[in-house]
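Hello,

Here is the structure for your files. My notes on it follow below.

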Amino acid sequence: MPEGPDTNERAVSLLKRAPDLRAIDTAAAIAPKALEALGPQKDFAPNAPFSLFVPAHQELAVQEAANLMEIANKDGLDAVLQHAEMLADTTSTELAQWALMIFITHHPEGQKLPIPSLEERIPESVKPSSPTPAAPAALEALGASGSEAALDWYREDAQTNAHHERWHVVYPWAGVPNPANPSQRTLKDRQGELFMYMHEQMLARYDCERLCAGLSAPTARLDNFNDPIPEGYKPLLRGYDNREPNADFADSGAPVPELPTWLSNLFGDSGKKNATLKKPNGTTVAANADLLGDSIEANIGSVNDSRYGNAHNMGHVLIAFIPDPNSQDQFGGVMRDPRVAIRDPIFYRWHRQIDEINYQWQEKQDPQNFADAPKVTIRDAVSGTAGDGASPDIAVVQASKVTGDPQQFADTSFGGAKWDTVAADSAIATKTLKTTMKQRTIGGSTVQYLDHEDYFYFIRVNNDTNAELTVTLRIFLVPVEWADQRRQWIELDKFQQKLKAGRNVVARSSKLSVVAKKPATRPGDPVPPREPGADPNYCDCGWPYTLLLPRGTRAGKDFRLLVVATDWSIDKVEVEGKCGSMSFCGKKNVPYPDKRPMGYPFDRHWPAAIAKTILAQKNMAARDIKIQWT
Ligand SMILES: [Cu+2]
């Protein structure tokens with residue numbers, strides 16, 4: 001069948017349909033065999049509106065994505081859209097939208113169709129819970145209850161929610177149908193490990209904002225299902241119920257009595273030296289970051305569905321269906337939907353509990369030994385005794401001050417005769433990075449968002465060999481008071497760097513960060529042309545550039561920048577990603593572009609205190625800097 005000229009418009013108009021919130025009759029919608037395969041989870045939340053965390057719904061969405069692939073392979077995109085529209089009309093708009101987005105993201109034909117950004121598609125889903133800047137008294141009770149309300153601006157950020165939604169489309173936990181043979185499912189490379197790492201970084205960043213906002217931090221684990229949940233959240237979004245403060249798990253309309261057992265099996269089996277995970281047939285397999293992540297989420301790579309259950313996903317639904325006494329509809333709270341789940345403070349508490357399983361496993365591994373460090377020196381002091389966070393070789397310069405070619409600027413400003421000076425003390429460098437809150441309008445609502453000035457890192461690295469050397473430079477940030485807590489370090493960037501023998505000054509723009517969605521843009525910027533061949537829908541997965549830095553405080557908060565050089569011939573970090581977030585989303589259809597464990601070197605405990613180790617290791621150095629909210 002020839003493709004109509006309007007397939008793009010039809011896809012966009014389907015993806016823009018407002019959620020219809022129809023309950024999904026899974027028994028009718030799903031093939032009996034697939035339903036049986038879900039085991040005891042098949043009856044979970046039987047009459048709920050579509051939720052990507054409900055096993056039968058996720059299964060249905062991926063099955064329908066596979067159907068769309070079959071149809072595309074035989075009959076082309078017109079027929080694909082016809083099926084998706086029929087699905088939306090007869091079953092559920094949200095189901096059809098997720099299936100279509102998974103199809104578009106993972107099928108070569110689908111790539112021709114656009115997925116507009118979340119705020120273009122469903123502007124109502126990024127509406128803030130409280131109008132800004134000053135909320136009328138009657139609305140002050142919306143958003144999070146109590147002190148958590150201070151972070152509504154962060155949790156409700158439109159682009160961060162869009163990132164989280166897109167991540168779960170790129171990495172569906174029921175697997176990705178193989179476009180050439182859609183009845184087959186595969187997991188993406190290191191999917192379980194990335195699930196853990198991406199969410200762990202979201203936690204580290206959230207904790208940082210909590211600290212800056214004066215809240216108790218880090219976020220406490222949600223590990224007690226007997227006591228009420230102190231945090232409430234009122235999203236003020238159509239189709240999502242409120243949760244009052246001090247709501248009880250016991251009231252949930254989707255009880256998961258097995259959850260404590262799944263968690264204790266996960267903690268118990270993984271939290272020891274030489275840990276193994278138990279397979280259904282009684283044999284064991286050595287635990288590793290990927291299998292553990294697979295089993296925790298759980299995705300189709302789980303080692304044992306019945307022993308480890310579906311802890312992370314079912315926790316989402318358990319919490320989501322704690323009823324709202326004032327709602328007649330009982331649609332469930334935001335926790336049922338990755339499009340809006342991170343708005344709720346409970347998201348972070350639940351993920352802290354999930355992350356703790358991985359953290360405890362990591363703690364039982366041998367410490368890092370850094371024996372494979374490349375022969376380079378980033379100094380801790382020009383001479384004499386070094387203090388923490390005082391490296392002379394790391395400086396930050398506002399982008400507006402970097403004139404001409406950045407490499408030439410680097411050599412002139414920090415190389416040559418200036419090599420033995422403290423780079424951060426130079427008149428051109430800044431000791432404070434500034435952030436600011438901005439406003440814009442989405443679908444008639446005023447939303448706030450954080451932004452920061454563009455900047456460059458300048459890093460002096462001495463190549464101690466007499467030949468060219470290729471290293472990976474990894475840059476991290478932490479509030480100074482947490483410098484010895486490895487999981488609080490935030491990844492800012494990592495990149496391949498060729499070093500000539502002897503002295504090198506490296507220049508790196510903040511806009512190239514591998515964490516940020518690339519190309520790095522701000523809201524309202526014109527969309528830059530795509531690289532030829534780049535898949536725009538895959539490229540849309542990534543952390544918002546404007547949230548690369550934490551907000552800091554009005555007075556200026558002390559942070560520590562860390563630069564670690566590793567041997568590129570071992571890690572083979574991708575040369576230059578021009579699309580999406582290499583670190584949070586990987587690369588399309590190729591292995592994850594860094595062979596080291598995700599989060600390296602903070603994926604294990606260190607041989608000694610972190611600050612002390614930085615001083616002892618020649619391949620790493622740290623520099624303190626303030627971040628000020630202006
Ligand atoms: Cu998630």
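Helices are DSSP runs of H or I with at least four residues, numbered from the N terminus, and the expected span of a helix is 1.5 Å times one less than its number of residues. This is a predicted model: local features need pLDDT of at least 70, side-chain atom pairs count only at pLDDT 80 or more, and totals for chains, interfaces and linings use all residues. Residues are numbered from 1 along each chain as its sequence is written, and side-chain values use heavy atoms, with hydrogens and water left out.

Helix α4 (residues 55–75) has 21 residues and reaches 30 Å from its first C-alpha to its last, close to the 30 Å expected. Just after α4, G76 has a positive phi of about 90°.

The copper ion has H164 (NE2), H168 (NE2) and H199 (NE2) as protein donors, 2.0 to 2.1 Å from it. Donors are N, O and S atoms within 2.8 Å of the metal (3.2 Å for Na, K and Ca); water is not among the atoms, so sites may look incomplete. H164 in helix α9 (residues 158–170) and H199 in helix α10 (residues 191–212) are 35 residues apart and link distant parts of the chain. H164 is buried at 1% relative accessibility, and H199 is buried at 4%.

In α6 (residues 93–106), W98, M101, I102, T105 and H106 meet E165, V169 and V170 of α9, where contact means heavy atoms within 4.5 Å.

Regards

Notes. Helices (H or I, at least four residues) and strands (E, at least two) are DSSP runs, numbered from the N terminus. Buried means under 20% relative accessible area, exposed over 50%, partly exposed in between (1.4 Å probe, protein chains only). Axes are lines fitted to C-alpha atoms, for helices over the stretch in contact, and angles run from 0 to 180 degrees between N-to-C directions.
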